[in-house]
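Welcome! Please take a moment to look over the sequence and the 3D view, and then we can walk through them together.

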Amino acid sequence: MKTISVFRATSWKILEKFGTKGIQFVIQIILARILMPDDYGVVAILAVFISLSNVFIQNGFSTSLIQKKEATQEDFCTALFSSLGIALVLYMMLFAAAPFIESFYKMEHLAEYIRVQSLVLFAGSFNSVQYAYVSRTLNFRAYTIATLIASSLSGVAGILFAMNGFGVWALIFQQLTANYLAVVTLYILVEWRVELLFSVKRLKALFGYGWKILASSLINSLYSSMYNLIIGKVYTQELLGLYSKGQQFPLLVTENLNETVQSITLPILSQMQDNPAGMKARMKRALTLNAFIVVPSMLGLSAISYEFIYVVLGEKWLAAVPYMILLSLVYSMYPIHTMNIQCMKALGRSDLFLKLEIIKKVLEIVMVVITVRSGLIAMVMGQIVLSFVGMPINIWPAKKLIGYGMVEQIRDLLPTIIASLLMYGAVKMVGFIQVAVLAKMILEVIVGAGVYAGICYLMKNDAMMYLLAIWKKRKSGESQ
């Protein structure tokens, strides 16, 4: 696979993620200024049950299709019809359980919200197969166009509903509209078409690899959802809304960068299963590029959390500042976790992936039990500790399988970490300047970006040099 093709696919994927999320970012700002923390507390509970259901639909089959060396039309159609069947079963289960969930959380109208929101599962099952096809062909241009259209139109619909007093319903209708519009638009733009094909043999082959990924994703989703479930029950609906909003923006940046890198690297690494040295080189490149953007973004967001929330969301959301500060630090360590997980997936070691996920989640549950009675801040601090503990666990397989161990990975990331820490210090110093909050935030961003870029250039940061080389190559090609 040519470097320029990978770079072009990556560029479209980045545009899709940040174009879509940029639109959603603006929409969420508008909605946050209209709606209240309590509304977001309800949506956070809804998200738990939808995300857990989506694990069965969007994981396993999709990853199997991408990882498989040769995937046929029969494979894609088999995966689609299986996913739709699972979506139907899950929808009926959620429909029946909705009144009991409402009673448990004592949230008015929660059953109605769940029954309507769960309709998104059918769109998710279709989109997961479309995404697998796009990933294999690296046709992220079509995916970008589809998601930009869906995000824009659904955002306008959500704002109109919110302005007319629909509250939680505005957020639900926005998500439903976005998912179904994405499916329809992508079906028009990509060449893949559904056929009435189904093979039990191919289902078994896909499931043979995918069930371990599915089980691992389910464990991970259960743990992630555990925080919302506990906060919603043990604490208050408003506190859950504040935690959710404090998590939203660091998660927005980190998830999209990680998903961008993963969507490109998994099919590429999967094609190098028999070449450990080549896989190590590609993984090293992906890790350093991912960290080059994620680490400074998270430390910078942590440094400007107060100004960011005050300017972007308004004074009523300032109680979310401590959660944004701490969670930004948690997500700054995600690149090293996600890239090592991608290595295991690409090598087909879903068995190893599952075993390590079980070990990590047992440790995480113990941490939650220890910290839950000490308050929400203590629970978030526990996440930071666990992120450090999880590093050697996630890195061990890469050391064993392709000879890329923890010492070497940390050494590769050290220039980025040093530059990010110096940038963080510079931003905090700017924070002492007595000016208007908006002016301070703009100044902090400018100084932070300038300091980080300058230090990376002086240190000849490998990721920066690589990106500059690619840019110069493309520029010289266009001028010829």
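Predicted model: local features only at pLDDT ≥ 70, side-chain atom pairs only at ≥ 80, totals over all residues.

Residues are numbered from 1 along each chain as its sequence is written, and side-chain values use heavy atoms, leaving out hydrogens and water.

The protein chain has 19 helices and zero strands (DSSP runs, numbered from the N terminus: H or I of at least four residues for helices, E of at least two for strands). Of its 480 residues, 53% are buried, meaning under 20% relative accessible area with a 1.4 Å probe, protein chains only. Among contacts (heavy atoms within 4.5 Å) between residues at least 6 apart in sequence, 84% join residues at least 24 apart.

Now find helix α4 (residues 73–105) and helix α5 (residues 110–117), which pack at an angle of about 155° with their axes 8 Å apart. The axes are lines fitted to C-alpha atoms over the stretch in contact, and angles run from 0 to 180 degrees between N-to-C directions. The two helices, α4 and α5, are therefore roughly antiparallel, the word for angles over 145 degrees. Among the residues that meet here are Tyr91, Leu94 and Phe95 in α4, and Leu110 and Ile114 in α5.

Finally, look at the loop between α18 (437–458) and α19 (462–479), where asparagine 461 sits. Is asparagine 461 buried or exposed? Asparagine 461 has a relative accessible area of 3%, so this residue counts as buried. Leaving aside residues up to four places away in sequence, asparagine 461 touches Phe292, Pro415, Thr416 and Cys456.

Methods:
Buried < 20%, exposed > 50% of the residue type's maximum accessible area, 1.4 Å probe, protein only. Parallel < 35°, antiparallel > 145°, perpendicular 65-115°, else oblique.
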